[in-house]
Amino acid sequence: MSAQVRTIFFLVSAAGLAALFAWGFRDAPPLGDYRGPYGDVVTKVAVFERHATDVVNAINYDYRAFDTLGEEFILFTAVLGVLLLFRPQKGEGEEDKKQEQLEEKLPVSDTLRVGMEMMVGVMIVFGLYIAVHGQLTPGGGFQGGVILASAPLVVHLSGDVETFQRIVKSPLIKLAESGGAAGYAIIGVSALFFGAHFLTNIVPLGTTGDLFSSGTIAIISIVVGMEVTGGFLVLMQIYLEEIIAARKSS
Amino acid sequence: MRLLQWVILLLVALAAPGVALSRDPKQQVVTLSAYGLLCALMFFIFQAPDVALSQITIGAVMLPLMILLALTKMRHQDMRREQKQQKEKQGQ
């Protein structure tokens with residue numbers, strides 16, 4: 001197929017797709033038009049029922065906590081899958097045992113290094129804030145966890161590879177990942193001992209707007225934060241090992 | 001607000017072909033990351049700050065990282081294969 005035929009073929013199918021798109025969107029409701037009753041009810045009721053001012057997280061970690069449990073385990077299995085795919089293959093094993101290290105300092109400019117090092121502290125505080133205030137402000141465990149996990153990446157960008165390696169290889173990371181995944185399930189099961197349904201909010205709700213409020217929503221948010229931080233740092237550890245292996249063979 | 005919504009929608013619409021049209025995978029990672037940031041901005045403007053927060057970190061940081069990881073792995077395997085072929089040639 002020549003380039004010209006291909007272009008014509010693309011233009012015809014693109015025009016068809018555009019027409020279908022326009023036809024499909026012709027009767028779409030205008031922006032902000034919401035018809036279902038569920039959202040309206042839950043936004044009115046959530047603050048009083050669950051003492052959580054961030055209704056999104058009241059839904060994620062309470063009303064539909066079971067769905068979020070599934071989503072958390074999607075991440076968990078995804079990390080497991082990457083671990084499995086990037087495991088040392090035949091012939092790679094012997095070389096890895098030598099445990100060669102990357103150069104400890106990368107050549108980066110002072111401006112970049114100082115700027116990045118200043119950012120690390122801010123990122124960690126911000127990540128913790130987002131994870132802990134999940135029930136009060138936008139964010140929550142997932143978002144906070146990913147921010148926390150990108151802090152070591154910034155350390156790597158600032159050229160301090162040694163510290164990055166120390167953080168990423170710490171056994172605490174796998175503990176955080178598996179502990180976080182298990183913690184969610186344990187919170188769910190513990191409701192059964194109080195005679196309630198799986199993942200029922202059994203912890204006292206506290207005062208609306210306080211840091212320690214909304215019962216299990218806040219706890220689940222923190223647990224998810226642990227799992228996400230651990231999961232992403234495990235991915236980064238694999239990344240690091242790949243770089244080491246690539247540098248050695250070049 | 002209405003104008004801002006149109007501007008961000010236009011920017012996202014322009015950035016998406018940009019990602020598709022950059023041919024070199026390494027360049028594509030950078031454009032994809034910029035596209036992820038624009039998407040996050042779009043979510044924020046359309047009043048979904050929760051989604052925007054996850055989009056910033058997933059779309060602009062973690063997804064490019066995963067692609068870079070896969071590219072490193074592939075380059076590593078290619079180099080290994082070439083070395084093997086060279087060794088075999090020298091052996092003959």
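Leaving aside neighbours within four places in sequence, Phe232(A) is in contact with Val146(A), Ala149(A) and Met62(B), where contact denotes two residues whose C-beta atoms, placed from the backbone, lie within 7 Å. The structure described here is a predicted model, in which local features need a pLDDT of at least 70 and side-chain atom pairs count only at pLDDT 80 or more, while totals for chains, interfaces and linings use all residues. Residues are numbered from 1 along each chain as its sequence is written, and chains are lettered from A and ligands numbered from 1 in the order in which they are written.

Phe232(A) also belongs to the largest nonpolar core, which holds 43 residues and in which Ile220(A), Val223(A), Phe232(A), Leu233(A) and Met236(A) touch the most other members. A nonpolar core is a set of buried Ala, Val, Leu, Ile, Met, Phe, Trp, Tyr and Cys residues joined through C-beta atoms within 7 Å; a residue is buried if 20 or more other C-beta atoms lie within 10 Å of its own, exposed if 12 or fewer, and partly exposed in between, with the C-beta atoms placed from the backbone. Two or more residues of this core are given by each of helix H3 (55-63), helix H4 (65-85), helix H6 (110-132), helix H7 (141-157), helix H8 (161-168), helix H9 (172-193) and helix H10 (216-249) of chain A, helices here being DSSP runs of H or I with at least four residues and strands runs of E with at least two, numbered from the N terminus. H10(A) contributes the largest share of the core, with 14 residues. A second, separate core of 11 residues includes Tyr35(B), Leu53(B), Ile56(B) and Val61(B).

Where the two chains meet, 17 residues of chain A and 16 residues of chain B take part in the contact. On the side of chain A that touches chain B, H7 and H10 of chain A each supply at least two residues, and H10(A) gives the most, with 7 residues. By class, this side of chain A has 11 nonpolar, 5 polar and 1 charged residues, with Ala, Val, Leu, Ile, Met, Phe, Trp, Tyr, Cys and Pro counted as nonpolar, Asp, Glu, Lys and Arg as charged, and the others, Gly among them, as polar.

Chain A has 10 helices and 0 strands. The C-alpha trace of chain A spans about 60 × 60 × 40 Å along its principal axes, and its radius of gyration is 24 Å, whereas a compact globule of 250 residues would have a value near 18 Å; the radius is taken over C-alpha atoms, and the globule rule is 2.2 Å times the number of residues to the power 0.38. Of the 250 residues in chain A, 32% are buried, and among contacts in chain A with a separation of 6 or more, 73% join residues 24 or more positions apart. The mean pLDDT of chain A, the predictor's confidence in each residue from 0 to 100, is 85, and 92% of the residues score at least 70. Among the elements of chain A, helix H5 (residues 93-97) has the lowest mean pLDDT (50) and helix H1 (residues 3-25) the highest (93). Where pLDDT is low, the predicted coordinates should not be read in detail.

Chain B comprises 3 helices and 0 strands. The radius of gyration of chain B is 19 Å, well over the 12 Å that the globule rule gives for 92 residues, so chain B is more spread out than a compact globule. Its C-alpha trace spans about 70 × 25 × 10 Å along the principal axes. Buried residues make up 18% of the 92 residues in chain B, and 45% of the contacts in chain B with a separation of 6 or more are between residues 24 or more positions apart.

Ser214(A), in the loop between H9 and H10 of chain A, has a positive phi of about 70° although it is not a glycine, and it counts as buried because 33 C-beta neighbours lie inside 10 Å. Gln47(B), in the loop between H2 and helix H3 (49-91) of chain B, likewise is not a glycine and has a positive phi, of about 60°, but Gln47(B) is exposed, with 10 other C-beta atoms within 10 Å. Most residues other than glycine have a negative phi. Asp24(B) lies in the loop between helix H1 (2-21) and helix H2 (25-45) of chain B and counts as exposed, with 8 C-beta neighbours inside 10 Å. The C-alpha atoms of Asp24(B) and Gln90(B), which are 66 residues apart along the chain, are separated by 33 Å.
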